[in-house]
Amino acid sequence: MKNILFSVAVFALLAACSEEPGSTEPAFDLAAGKAIAEADCSACHGMDGRGATSEIPNLTAQPAQYLIEAMHAYRDGRRLHAALQDMTTGMSEADIANIAAYYASQPPLEPGGNHAPTNVTYAEGATVAVLCEECHGEKGISTTEGVPNLAGQQPAYLIASTLQYQSGARSHEDMVEMLTELEQVDIEKMAMYFASQSAPMREAPPFGDPVAGEADSASCGKCHGARGISHEPMVPSLAAQEPVYLVSAIKAYRSHDRSDETKMPVKTDEQINNIAAYYTTQAMTASVDEELSGQEMAAKCDRCHNPASGERNLSIPSLRGQSHDYLVKAIKEYRDSDRENSMMHKMSARYSDQMIETLATYYAAQ
């Protein structure tokens with residue numbers, strides 16, 4: 001019964017979207033689309049739209065407009081896939097539209113795979129974090145002058161910075177030696193553990209004026225966020241930071257001893273002391289939840305991919321019921337900028353491999 005209702009709804013939608021002014025005949029030809037799909041697409045995507053392997057996407061029940069735009073992207077070289085580019089190059093617009101309509105008309109697939117639902121937790125990162133806590137303090141809250149907090153930092157920033165120390169791109173002899181044996185997955189777990197911690201505000205340091213520092217920090221807030229709490233994956237938070245470290249770091253950027261693609265605003269010594277005094281007296285909240293379910297993560301994705309209002313952009317794909325392995329692959333490509341989409345990169349830039357696994361498992365089970 002569910003499949004019958006789905007088919008009725010899809011055919012009504014296709015007819016409504018494809019009728020040309022003054023015409024009673026829909027522009028889509030499902031029979032022609034089925035014939036082309038059988039000849040050219042079924043080896044990989046089947047006749048029911050299910051990918052032949054776990055890394056091939058499911059096409060069934062996707063919006064026809066999305067499938068059309070995806071095929072255009074392969075044909076035009078905006079998506080890189082030699083076989084698909086060769087195949088679509090010889091297709092007419094009618095062929096592409098008919099294939100899209102055929103697969104869009106197929107009923108949803110039963111969930112495949114045997115991936116058990118999981119929650120993202122960061123407790124296991126505590127084991128790796130012990131290596132850092134000797135200097136950076138318990139839970140990444142520094143009590144040593146000149147040593148920065150790690151608690152609450154953006155995880156992507158922590159991962160990138162740690163990898164730079166590990167490779168020697170950032171110079172610190174002790175850090176290189178300590179990190180040598182760690183795999184990237186260990187670094188990710190450590191970063192997510194520290195990111196899930198909060199840091200209390202500190203007492204004002206014996207230098208600087210926190211009140212004046214709030215005004216002096218106006219230009220800093222453009223990147224580092226209100227009260228020094230960053231919401232950008234690659235921009236560190238400054239709230240509750242160790243004040244001596246903050247002063248030395250800002251002066252290092254000013255003198256170009258530390259490089260950054262973004263030009264840091266030039267500040268006087270007095271202003272730097274004031275800024276450090278201001279930020280150190282702000283509380284630092286965790287940048288990630290201590291535990292996160294796939295459903296909670298999906299709520300953000302569903303704003304575009306499955307809006308509660310029902311007014312969905314038909315150029316945006318459905319994620320529900322998609323292949324688990326394909327989703328993992330696609331999200332990682334967006335995160336790592338191997339696929340071009342600035343919005344998707346921004347959304348996924350802070351996702352660890354564990355977060356992507358959890359999100360993909362949730363959607364694949366729908």
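User: Why is Asp-269 called partly exposed?

Analyst: In this predicted model, Asp-269 has a relative accessible area of 39%.

User: What makes the contact of Arg-254 and Asp-269 a salt bridge?

Analyst: The two side chains meet at 2.8 Å, N to O. The definition asks for a Lys or Arg side-chain nitrogen within 4 Å of a carboxyl oxygen of Asp or Glu, so this pair qualifies. The pair also links distant parts of the chain, with Arg-254 in helix α12 and Asp-269 in helix α13, 15 residues apart.

User: Why does Arg-335 count as buried?

Analyst: Its relative accessibility is 14%. Buried means under 20%, so Arg-335 falls in that class.

User: Which side chains does Arg-335 meet in salt bridges?

Analyst: Arg-335 meets Asp-336 at 3.0 Å, N to O, and Asp-353 at 2.9 Å, N to O. Each value lies within the 4 Å cut-off, so each contact is a salt bridge. Asp-353 lies in helix α17 and Arg-335 in helix α15, so their pair ties together parts that are 18 residues apart in sequence.

User: How do you know whether Asp-336 and Asp-353 are buried or partly exposed?

Analyst: Asp-336 has 42% relative accessibility and Asp-353 has 30%. Both values lie between 20% and 50%, so both residues count as partly exposed.

User: How many salt bridges does the structure hold?

Analyst: The structure holds ten salt bridges.

Terms used
Residues numbered from 1 in each chain as written. Predicted model: local features only at pLDDT ≥ 70, side-chain atom pairs only at ≥ 80, totals over all residues. Heavy atoms only, no water. Helix = DSSP H or I, 4+ residues; strand = E, 2+ residues; numbered from the N terminus. Buried < 20%, exposed > 50% of the residue type's maximum accessible area, 1.4 Å probe, protein only.
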